[in-house]
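Please find my notes on this model below.

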Amino acid sequence: MASDALILSLDPLVVAVVLAMALITFLTKVGGIWLVRRFELSDRLEAGLTVLPGAIVIAVIGPELAAGGPAEWAAGGAVLLVMWRTESILLALCTGVLAVVAFRMAF
Amino acid sequence: MEFDPETDEYADSEADGRRSERTSRRADGREDAAADVTPATAEPNTASTTATPTAENEATATEIAAGATETDTAVTFDRDGLRAGFLKTIPVALGVGGYGIAFGILADQAGLSVAEAALMSATVVAGASQIVAVELWADPLPIAAVLVTTFAINLRYSLMGAALQPWFKRLSATKVYGSLFVMADENWALTMRSLKSNTGYGAFLLGSGIAVWLAWVGATIVGTVAGGVVGDPTTYGFDFILTAVFLALTAELWEGQSSLLPWTVSLATALITAELVPGRWYILLGGLAAATVEVIRRGE
């Protein structure tokens with residue numbers, strides 16, 4: 001099936017669905033800020049906005065780590081440790097990826 | 001209700017000291033063109049050096065970053081920010097590339113041509129939703145399922161975008177919405193890191209988004225062409241990159257005691273939602289719950 005498809009072939013229906021996906025995704029990306037730019041925000045709402053970054057980050061990694069196992073938890077600990085000691089995101093990232101590969105082989 | 005001018009006025013009069021400043025900046029924000037020119041002409045170097053947190057004033061800097069809505073951090077949209085965003089994202093973009101290859105392989109297996117898969121990566125620019133979409137791909141195409149799932153998975157971006165508003169309020173609509181087109185989880189996280197440390201790089205998101213976009217589209221093409229030659233991304237730990245970036249970010253976003261309540265609320269909500277509801281609703285609900293609790297707490 002895949003090998004039959006020409007590399008550059010563009011099915012009109014597929015293109016239409018892909019562009020619809022693109023439009024929907026763009027609307028989700030801009031929707032929130034469009035809303036808060038349009039209305040004057042009270043101090044309370046702005047305070048709510050300022051806790052969002054940390055809250056979103058926690059909401060992303062919480063279930064992600066909960067779904068993982070000892071290898072991911074140990075690698076996560078390594079990331080935090082390196083980040084805390086060096087404050088280098090690159091170093092923390094490399095440590096995390098190497099650690100998760102190593103721990104997955106070990107555990 | 002909260003948008004009611006009366007409520008707003010009341011909230012402002014509480015913070016009487018800042019009222020005039022806030023009002024004047026609102027007037028600025030309304031004038032997109034004027035607001036654009038002003039920060040752009042400010043000296044970016046001065047702004048970034050004075051705003052860089054040092055060991056001594058770290059606490060102050062964190063406070064300023066936390067209350068960025070109240071401070072007048074000069075957020076500029078210039079080449080420095082664009083370049084910083086691009087360069088700082090390259091290592092992360094390599095990881096995104098690993099995922100792009102995986103997406104390309106899946107797209108190829110689903111029957112998409114290289115051109116179709118590349119078009120999707122270039123225009124949608126949202127990894128998780130694309131991977132799920134090609135997993136749903138069948139003949140005939142389940143159009144409604146694909147589109148509804150795309151919306152559900154990506155709705156979290158609304159919240160992420162809204163979180164940028166304290167820094168983006170003085171940028172023009174074109175710059176804001178143009179930057180958001182290339183926003184993905186990874187470069188949003190790096191952008192937050194930059195803005196929180198008061199670099200004032202308004203173009204960071206665009207620069208980092210371009211790096212992610214190039215890696216994502218390029219890797220999609222490689223993955224679709226190479227097919228099954230490259231194996232499972234978990235072999236190389238690529239699947240852990242997003243978690244690692246976000247974990248590293250927690251170390252920077254922690255603002256002491258005041259973070260404890262919203263973070264706990266977000267974590268609990270996300271864990272419970274992830275158990276009960278399929279998909280990625282847990283991110284949206286976790287963030288919303290934390291923001292709601294914070295709004296209530298401020299009202300007391």
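**Notes on chain B**

1. Helix α13(B) passes α15(B) in a left-handed crossing; left-handed means that the near helix is turned anticlockwise from the far one by less than a right angle, right-handed clockwise. The contact involves B:D185, B:E186, B:W188, B:A189, B:R193 and B:K196 of α13(B). From α15(B) come B:L242, B:V245, B:F246, B:L249, B:E252 and B:L253. Contact means heavy atoms within 4.5 Å.

2. This is a predicted model: local features need pLDDT of at least 70, side-chain atom pairs pLDDT 80 or more, while totals for chains, interfaces and linings use all residues. Residues are numbered from 1 along each chain as written, chains are lettered from A and ligands numbered from 1 in the order written, and side-chain values use heavy atoms, without hydrogens and water.

3. The axes of α13 (residues 185-196) and α15 (residues 241-253) of chain B come within 10 Å and cross at roughly 20°. The two helices are therefore roughly parallel (angles under 35 degrees).

4. What is the make-up of the contact of α13(B) with α15(B)? Seven residues are nonpolar, none polar and five charged.

5. B:S259 sits in helix α16 (residues 257-276) of chain B. B:S259 is buried, at 4% relative accessible area (buried is under 20%, with a 1.4 Å probe and protein chains only). Leaving out residues up to four places away in sequence, B:S259 touches B:L253 and B:W254.

6. An unreviewed UniProt entry lists "transmembrane region" for stretches of chain B including 143-164 and 236-254. Residues 143-164 of chain B are 86% helix and 0% strand, with end C-alpha atoms 32 Å apart. For residues 236-254 of chain B, the values are 68% helix, 0% strand and 30 Å.

Note on methods. Axes are lines fitted to C-alpha atoms, for helices over the stretch in contact, and angles run from 0 to 180 degrees between N-to-C directions. Helices (H or I, at least four residues) and strands (E, at least two) are DSSP runs, numbered from the N terminus. Angles under 35 degrees count as roughly parallel, over 145 as roughly antiparallel, 65 to 115 as roughly perpendicular and the rest as oblique. Ala, Val, Leu, Ile, Met, Phe, Trp, Tyr, Cys and Pro count as nonpolar, Asp, Glu, Lys and Arg as charged, and the others, Gly among them, as polar. Buried means under 20% relative accessible area, exposed over 50%, partly exposed in between (1.4 Å probe, protein chains only). UniProt positions are given in the numbering used here, feature names are shortened, and annotations may be inferred rather than shown by experiment.
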